[in-house]
Amino acid sequence: MIVVDAANVVGARADGWWRDRAGAARRLLAELAAAALSEDVVVVLEGAARAALDGTEYTGVRVVAAPGTGDDTVVEVAAAAGTDVTVVTADRELRRRVEAVGARTVGPRTLLDRLG
């Protein structure tokens, strides 16, 4: 399973995401769906990016709206998934927290390069 810290991955691109966080989240979700990755993909949205949850379905991608902080939700999803979980984030504290529950971590560039 891949758990994506959407805020962190979206923020890794200097494409004006800060002007439309929901739009940036939708673009990421569409890219992940189009990539048809072999792993289960869970994307955690927080704050204004939650507006991307407009009823659109993204094949092969499960979207979780964080009720509080995205980091807490990423940790909860990773812990519940058990083994063989990779969390995509550059956030050092989040990396420490998910590694403590047994997940591996990679930075946003690893995922973005895979998406093309």
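Predicted model: local features only at pLDDT ≥ 70, side-chain atom pairs only at ≥ 80, totals over all residues.
Is Glu-93 buried or exposed, or does this residue fall in between? With a relative accessibility of 41%, Glu-93 counts as partly exposed.

Select the strands. Five of them form an open sheet, and their order across it is S3-S2-S1-S4-S5. The pairing is parallel. Colour S3 and strand S5 (104-106) next: these two stand at the edges, and each has a single partner strand, so one side of each is left without a neighbour in the sheet. On average, neighbouring strands of this sheet are turned by 25° against each other, with direction ignored.

To find one place where they meet, select Ile-2, whose bridge partner in S2 is Val-41. As background, strands of a sheet pair through backbone hydrogen bonds, in either a parallel or an antiparallel arrangement.

**Second stop: the nonpolar cores**

Show the side chains of Val-4, Leu-28, Leu-32, Val-43, Leu-45 and Leu-111. These have the most contacts inside the largest nonpolar core, a set of 23 residues. At least two residues of this core are supplied by each of S1, helix H1 (6-10), H2, S2 and H5. The largest share, five residues, comes from H2.

Centre the view on Leu-32. When its neighbours within four places in sequence are left aside, Leu-32 is in contact with Leu-37, Val-41, Val-43, Val-61, Leu-111 and Leu-115. Elsewhere there is a second, separate core of 14 residues, which includes Val-74, Val-77, Ala-78 and Leu-94.

Select helix H4 (residues 92-100) and begin at its N-terminal end. Asp-91 caps this end, with a side-chain oxygen 3.0 Å from the backbone nitrogen of Glu-93. Glu-93 also forms a salt bridge with Arg-96, in which the closest N and O atoms are 2.4 Å apart. Like Glu-93, at 41% relative accessibility, Arg-96 is partly exposed, in its case at 48%. Beyond the helix, select Gly-102, which follows H4 and has a positive phi, near 100°.

Select Arg-26 and Asp-54, which form one of them, the closest N and O atoms being 3.2 Å apart. Arg-26 lies in helix H2 (residues 21-35), whereas Asp-54 lies in the loop between strand S2 (41-45) and strand S3 (61-65), so this pair ties together parts that are 28 residues apart in sequence. Arg-26 is partly exposed, with a relative accessible area of 28%. Asp-54 is likewise partly exposed, at 43% relative accessibility.

Finish at helix H5 (residues 108-115), where Arg-109 and Asp-113 are four residues apart and so separated by about one helical turn. Their side chains meet in a salt bridge, at 3.6 Å from N to O. Arg-109 is partly exposed, its relative accessible area being 46%.

Methods
Residues numbered from 1 in each chain as written. Heavy atoms only, no water. Salt bridge = Lys/Arg side-chain N within 4 Å of Asp/Glu carboxyl O. Buried < 20%, exposed > 50% of the residue type's maximum accessible area, 1.4 Å probe, protein only. Pairing = 2+ DSSP bridges. Axes fitted to C-alpha atoms, helices over the stretch in contact; angles between N-to-C directions. Core = buried A, V, L, I, M, F, W, Y, C linked by side-chain atoms within 4.5 Å. Contact = heavy atoms within 4.5 Å. Polar contact = N/O pair within 3.5 Å; in protein donor to acceptor, adjacent residues only side chain to side chain.
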